[in-house]
Amino acid sequence: MTCRSSTPSYRVVDVTGVVEVVGEGVSRFSVGDRVLAWNGVPSGGLAEYALVQDAPSAALRPATLGPAESAGLPTAALTAAALIDEATPRADEKVLVVGASGGAGSFAVQLAKQTGAKVLATARTDEEDLLRRLGADATVDYRTSDVTAEALRWAPGGVDVVIDLTHAGPALTGAAAAARPGGRLVSPLMGPPAFDRGVTAVYTGTRTPPGQLEALAVQTAEGRLRVEIGARYSFTDAPQALADYAHKHLHGKVVITF
């Protein structure tokens, strides 16, 4: 299936656009459909035309969902959904989200809050209002505070769940220390299989269960999820977009528009 890509994301595996041609055997999509997709883009995403697989990694774009929000959705939201599925936070449990102002982190905050959990989010002081709008009950500035100590003050005895989108390997030990005995840590990065005090660890990446991307897109179109876009660039400024992402602190997602 080939679609004209109107707003690919900087990661070049997130795209949205209009279907121009469908391949043999494609039944879910038709010419003229507006779609969004993740990782079914073997041709890359920073292009006017992208090859998209007819797979659960692609979905129809709701009519009320704008192209920029659609381009910023797939990888970040699917990753966050996978983390929440593994973390299984429950109502009134306390969840620490490390790296909450990033693309996946901003969705993790929202999806954790949907379960009824209480959420402590790490972010810079100037991002506190943003994280609270996304549902965080409290924030801690990781630049000026000891996150583990602040988490233990917020949840004496430790949080039930740690979702860490920032650290890997031994560096996860600090975040795990914020969990209660027998608590849970989930991360898209690799690390120890378990931590002290019976804290368990699960590592998972972006997943595309059938219907998941469609459901996330519908939630976003209905206003139940928000795609936080930190910066927008035209296609001619794509090199600058990549450079800014690499060297600047940009919250949420970066999108490039044709």
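Buried means under 20% relative accessible area and exposed means over 50%, with partly exposed in between, using a 1.4 Å probe and protein chains only. Helices (H or I, at least four residues) and strands (E, at least two) are DSSP runs, numbered from the N terminus. The model on your screen is predicted, so local features need pLDDT of at least 70 and side-chain atom pairs count only at pLDDT 80 or more, while totals for chains, interfaces and linings use all residues. Residues are numbered from 1 along each chain as its sequence is written, and side-chain values use heavy atoms, with hydrogens and water left out.

Begin by selecting helix 8, residues 238–247, where A238, A241 and D244 are buried. Looking down the axis of helix 8, you will find its buried residues within an arc of 120 degrees (taken from the directions from the helix axis to the C-beta atoms), so they line one face of the helix. On the face turned away from that buried side, select the exposed residues P239, A246 and H247.

Next, select the largest nonpolar core, which has 43 residues; such a core is a set of buried Ala, Val, Leu, Ile, Met, Phe, Trp, Tyr and Cys residues joined through side-chain atoms within 4.5 Å. Helix 2, residues 74–87, gives the most to this core, with eight residues.

Apart from that core lies another, of 19 residues, with V199 among them. Select V199 in the loop between strand 10 (179–187) and strand 11 (200–203), where V199 counts as buried because its relative accessibility is 0%.
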